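Got a model open and wondering where the labels come from? Let's go through a few of them.

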Amino acid sequence: MTPSQLRKDILGKRNNLTPQELKKKSSAVRDRLLAMDQVREKKNIFVYVSFRSEVMTFSLIEDLLRMDKTVTVPITRTADNRLDAIRITDLERDLVPGYCNIPEPTKQLCKQQLMSPQTIDTVLLPGSVFDERGGRFGYGGGYYDRFVSKIPHAARIGLAFDLQIVDKAPLQDHDELLDFVVTESRTIRGQR
Ligand SMILES: Nc1nc2c(c(=O)[nH]1)N(C=O)[C@@H](CNc1ccc(C(=O)N[C@@H](CCC(=O)O)C(=O)O)cc1)CN2
Ligand SMILES: Nc1ncnc2c1ncn2[C@@H]1O[C@H](COP(=O)(O)OP(=O)(O)OP(=O)(O)O)[C@@H](O)[C@H]1O
């Protein structure tokens, strides 16, 4: 199967999850994640803000803020094919619909709260397809591959539902491996 067919296939399955299933499974992913040393013992966490049928991150972000973590989220810079890390402190106030209608930080925050990616300890990534080695496909923008390749010191944790895991995805050279993939039922140790 080609990467784009596999992507389509898995996203089709993910889109079939009911809102109740999405919520319940996302909450199981969150519980598992919050028990990990790579989150508990780290201060600076970069986390995506979920949209469509991704593993939901709203209550996870609330939890991280309550735990006094420094939480940064992506703003998509399409002109430069890049993600910037923006610090947020309030989920309701700090986010507005942005690129592809994904909740993104306000213009003002993007100016005032731009953080150096080098300060990030742990990156939580979304994706379409993940595999047993910690391989990952996104939606085809290459944004996350470029972002994490510049910060090799940061732990990379993919958030996924079990239905997104395949044995071996047809990875390309630029596809970055993850350290862990966390699902509602297990934690996969990646081969980075
Ligand atoms: N929640 C979340 N935030 C994120 C990402 C993400 O995957 N999830 N990104 C991760 O990079 C960046 C945004 N990049 C994105 C890239 C493509 C599409 C998208 O919807 N693409 C179309 C396909 C376009 C095409 O090839 O025709 C789609 O999937 O329908 C969305 C976001 C940064 N923020
Ligand atoms: N580190 C990189 N440097 C330069 N170009 C890159 C890099 N990583 C990916 N790309 C380019 O980005 C494009 C999309 O890559 P790919 O299909 O792997 O994205 P993805 O992993 O699905 O998306 P994302 O990382 O945004 O979730 C490809 O054309 C690829 O050449």
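Q: Why is L22 called buried?
A: This is a predicted model, and in it L22 has a relative accessible area of 11%. Buried means under 20%, so L22 gets the label.

Q: Which residues does L22 touch, and what makes them count as contacts?
A: Leaving out residues up to four places away in sequence, L22 touches L17, S53, E54, M56 and F161. A contact takes heavy atoms within 4.5 Å. As for where L22 sits, that's helix α2, which spans residues 19–34.

Q: How far is L22 from A155, in sequence and in space?
A: They're 133 residues apart along the sequence, and 25 Å separates their C-alpha atoms.

Q: How do you know whether the chain agrees with a compact globule?
A: Look at the radius of gyration: for 192 residues a compact globule would come out near 16 Å, and the chain has 15 Å, so it agrees. Its C-alpha atoms fill a box of roughly 45 × 35 × 30 Å along the principal axes.

Q: What share of the chain counts as buried?
A: With the under-20% cut-off, 51% of the 192 residues make it.

Q: What part of the contacts comes from residues 24 or more positions apart?
A: Taking contacts with a separation of 6 or more, those residues account for 69%. The fold behind that has seven helices and 13 strands.

Q: What is the predictor's confidence in the chain?
A: On a scale from 0 to 100, the mean pLDDT is 97, and 100% of the residues reach 70 or more.

Key
Residues numbered from 1 in each chain as written. Chains lettered and ligands numbered in written order. Predicted model: local features only at pLDDT ≥ 70, side-chain atom pairs only at ≥ 80, totals over all residues. Heavy atoms only, no water. Helix = DSSP H or I, 4+ residues; strand = E, 2+ residues; numbered from the N terminus. Rg over C-alpha atoms; globule rule 2.2 N^0.38 Å. Buried < 20%, exposed > 50% of the residue type's maximum accessible area, 1.4 Å probe, protein only.
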